[in-house]
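Reader: Hello! Could you show me how to read a structure, one feature at a time?
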Amino acid sequence: MSSSSHSNPAAEPDTLPSPPSSTRVLRQFRVVFNAVKTHFRQVEREAGVGGAQLWALSVIDRRPGIGVTELARELDIHQSTASNLIKSLVERSLVATSREGTDRRSVSLRIQPAGADVLRSAPLPFAGVLPDALSALDAATLSRLEQDLGKLIALLEADEASGNVLLSQM
């Protein structure tokens with residue numbers, strides 16, 4: 001046999017074989033998580049508050065007088081989580097609370113000048129890069145993603161209630 005019959009250059013790929021799709025998808029999750037984490041670090045560095053606090057501040061700024069229940073609904077978090085966020089913002093004098101209207105149990109939230117300063121110094125998007133990116137996807141893509149992630153969550157046997165935990169608090 002000739003030496004050329006022992007090696008076939010066309011049969012030898014220049015690159016390594018592609019990893020399995022599960023590995024490629026895992027890498028995609030890493031990219032997403034790292035983008036989220038990088039944004040939270042940038043928020044912390046540039047604005048001096050956490051990502052969840054920044055998002056809450058932006059909602060309070062956009063909706064002066066919003067209550068804790070409405071804030072929780074807008075952030076898609078549990079009311080106790082929203083209350084804890086508000087407590088830290090009030091302690092830092094970024095937000096003020098007041099009791100307004102006929103129901104004196106209800107608290108209204110308003111941004112303070114220091115909170116407005118934080119918003120001016122903070123990188124966009126205030127809600128975070130993942131919610132912003134998801135809102136930019138078309139309905140068909142979101143529907144597929146929701147179905148596929150639902151299957152993954154089922155395989156993980158994950159507690160779906162953890163979906164109301166802010167990413168910045170994980």
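Reader: How much space lies in the largest pocket?

Author: Rolling a probe the size of a water molecule over the atoms shows where empty space is left. In this predicted model, the largest pocket holds about 1,900 Å³ of space. On a 1 Å grid over the protein atoms alone, a pocket is an open set of points where a 1.4 Å probe fits, with protein on both sides within 12 Å along at least five of seven lines. Its volume is the space filled by probe spheres set on the points, which are joined across faces, edges and corners.

Reader: Which residues lie nearest the centre of the largest pocket?

Author: Phe33, Leu130, Leu134, Leu149 and Leu167 do, out of 44 lining residues; lining means having an atom within 4 Å of a point. The elements giving two or more residues to this lining are α2 (21-47), α3 (51-62), α7 (129-136) and α8 (139-156). Helices (H or I, at least four residues) and strands (E, at least two) are DSSP runs, numbered from the N terminus.

Reader: How many lining residues of the largest pocket are nonpolar, polar and charged?

Author: The lining has 29 nonpolar, 9 polar and 6 charged residues. Here Ala, Val, Leu, Ile, Met, Phe, Trp, Tyr, Cys and Pro count as nonpolar, Asp, Glu, Lys and Arg as charged, and the others, Gly among them, as polar.

Reader: Which residues of helix α4 are buried?

Author: Buried means under 20% relative accessible area, exposed over 50%, and partly exposed in between (1.4 Å probe, protein chains only). In α4 (residues 68-75), Val68, Leu71, Ala72 and Leu75 are buried. Seen down the axis of α4, these residues fall within an arc of 100 degrees, so they line one face of the helix; the arc is that of the directions from the helix axis to the C-beta atoms. Their cover includes α3, α5 (79-91) and β2 (107-111).

Reader: What should I look for in the backbone?

Author: Most residues other than glycine have a negative phi, and most peptide bonds are trans. Asp76, in the loop between α4 and α5, has a positive phi of about 60 degrees. Ser93 also has a positive phi, near 60 degrees, and its place is the loop between α5 and β1 (95-99). A cis peptide bond, with omega about -5 degrees, joins Leu124 and Pro125.

Reader: What should I know about the numbering and the model?

Author: Residues are numbered from 1 along each chain as its sequence is written, and side-chain values use heavy atoms, leaving out hydrogens and water. In this predicted model, local features need pLDDT of at least 70 and side-chain atom pairs count only at pLDDT 80 or more, while totals for chains, interfaces and linings use all residues.

Notes: Contact = heavy atoms within 4.5 Å.
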